[in-house]
Amino acid sequence: MIKRFKAILAAFAVLMVMHSAYGDEATAPVSALSAEDFSKAKALFFNRCAGCHGTTRKGATGPNITDENLKKKGYTAEVAEAFITNGTPGGMPSFGGDFSEADIDILANFLMQPPPIPPEMSLEEMTDSWKLIIPEAQRPKKPEHTKNWKNFFGIVLRDAGKVAILDGDTKEVVNIVDTGFAVHILRSSASGRYFYSIGRDGKATMIDLWMAKPDKVAEVKTCQEARSIDSSKYKGKKGNFEDKLAIIGCYWPPHFVIIDGQTLEPKKVVSTRAYAYDSGEYLNESRVAAIIAAHKEPEWFINLKEAGFIWAIDYSDMKNLQVTMIETERYMHDGGWDATHRYIQMAANMKNKMVVVDSETKKQIAQVETGQKPHPGRGANWVDPEFGPVTATPHLGEATMVAWGSDPKWHPKNAWKVVRKFATLGGGGLFVKTHPKASHIWVDHTLNPDDKIKRSICAYEKAKPTAKGKCWEVADHGRVTHFEYNQAGTEVWVAVWDQVGELVIYDDKTLKEIKRIKADWLRTPTGHFNVYNTMTDTY
Ligand code: DHE
């Protein structure tokens, strides 16, 4: 009797604490974990696992790890613990160094229970969260400083919930802005004046770079979980949409939200719940991964991860929104433009492919067979001395970077075929970057389980490409991740992702270190975005 009473109390307590990641309404199962541990495990899952395995754990970049599936395979909590601690050769990072043993234990036990389902979100709730901090009329009419703001960098300080704005000319801090929990990426408005940030918790903020001290002018929360945001970049016969609109792609609830580009006021929400393009299975969790804004048409292209589509969204008539559903492949993740901004190249990473969509015809025109689990970030475009224009990706699952032809007009023989394979130091590669004026192509190994490799980067010469690049360790702590060039394409910035992190700046030509910024405010730097390169999609 007492035992039953305790179980009822525990279940009740679990329900009471379900708020940290998904809000109060999420339904919790009766749990063998204490209420506190359940809540902690849920937050850990949200922070570090949901991105790959899905909120409902049905799998995407990572496999299906629903309690049902784990039990079907005969896995116990101990087996789950081993996976979490050590990672897998297929690209799952090892969390042994990042999580305590106690945390791994509760997380493994959490996985053996049915997943809690986070709540939905209405346009009204989004609007309630919207804060217009400085209305347009009160903002500067021209820059209030003489700094070269198009060469500013926005640096994501992930765990600090902040974005640092640095002057790319002087490398000085212009301001550190409170943006909220775990910002994932920044994107620039078409004019470059505004940075839009999106947090893992679905909160977007807008930073005005013309202010004497650039700061947040608006914020809104449109999802429980998100990774992507972009702005309207079209100016032409169909109207001038520069800085007028923005779009947020949500992981949960699965939807996209169109917001006002000047104020962040939510305008329209559209569900992305869909039927898988191949099996026709209904997907309650059909998340929006990368988004890319067209420059030549009033359109965004968004990746539907689980459903295997790229949707082209014509935003020129918001009352009669036109969506073209382009069948591609599963599971769509990240990617970017080719150098001409006509072809969209996105990773279907579980199929070891990059899919190619022609933005003019809005059709998938090719699939590039890559290595195991391509993960390009935005990717890198350059002109190969033998094969002409190419685009590249590193891999999560193997020690290579591949480059394929991406100029079907003048180099049709090489188009959408891998023409070069470069050796990296190991798997776990997340990002590659170059710049039209640069001499090198840079690649990281952020998620590699080996301490030395995860802190090493490699650079390959564009003019004399060799299978092996020049590789070196950037720091003796943290993980090294993501690259960005300055506006001129002469310097490369890379982040040391650690509690006290670093930004290391290299000369692209000589590969020599120019500057190393290490400071207390540099807590967990991850992505870093140059205004000019981000607004013009230069990579
Ligand atoms: Fe990212 C881009 C999702 C892990 C840093 N990340 C993206 C994009 C998506 C995504 C969909 C493309 C946005 C776009 O272009 O519109 N990322 C996910 C995940 O689901 C995943 C795998 C796991 C998760 O739970 O989040 C994941 N990402 C990471 C990291 O661990 C990184 C290194 C640090 C962090 O913040 O967690 C990280 N992701 C980044 C960065 C970009 C990014 C810096 C932008 C790359 C660019 O150059 O544009």
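Me: What do the domain bounds of this predicted model come from?

Reply: Domain bounds come from an automatic or database domain assignment. For this chain, that assignment gives domain 1 as 2-111 and domain 2 as 121-147 + 179-327.

Me: What makes residues of domain 1 and domain 2 count as being in contact?

Reply: Contact requires heavy atoms within 4.5 Å. By that cut-off, 16 residues of domain 1 are in contact with 12 residues of domain 2. The area buried between the two domains is about 940 Å², and carbon and sulfur atoms give 44% of this area. On the side of domain 1, Phe-46, Asn-47 and Thr-55 lose the most area to domain 2, together 45% of what that side buries.

Me: Which kinds of polar or charged pairing are found between domain 1 and domain 2?

Reply: The count of salt bridges between domain 1 and domain 2 is zero. Helix 2 (35-48) and helix 3 (50-53) are the elements that give two or more residues to the side of domain 1 that touches domain 2. Helix 3 gives the most, with four residues. By class, that side of domain 1 has six nonpolar, eight polar and two charged residues.

Me: Why is the pair of Arg-48 and Asp-98 called a salt bridge?

Reply: The closest N and O atoms of Arg-48 and Asp-98 are 3.3 Å apart. A salt bridge needs a side-chain nitrogen of Lys or Arg within 4 Å of a carboxyl oxygen of Asp or Glu, so this pair qualifies. Arg-48 lies in helix 2, while Asp-98 lies in the loop between helix 5 (77-86) and helix 6 (101-111), 50 residues apart. By this rule the count comes to 32 salt bridges.

Me: Which residues surround the ligand, and of what classes are they?

Reply: The ligand is surrounded by 23 residues, the closest being His-184, Arg-187, Arg-200, Tyr-251 and His-482. The shell divides into 10 nonpolar, seven polar and six charged residues. Among the elements that each supply at least two of its residues are helix 3 and strand 5 (183-188).

How values were computed:
Residues are numbered from 1 along each chain as its sequence is written. This is a predicted model: local features need pLDDT of at least 70, side-chain atom pairs count only at pLDDT 80 or more; totals for chains, interfaces and linings use all residues. Side-chain values use heavy atoms; hydrogens and water are left out. Buried area is the accessible area (1.4 Å probe) that two parts lose on being put together, summed over both. Ala, Val, Leu, Ile, Met, Phe, Trp, Tyr, Cys and Pro count as nonpolar, Asp, Glu, Lys and Arg as charged, and the others, Gly among them, as polar. A residue is near a molecule or strand if one of its heavy atoms lies within 4 Å of it.
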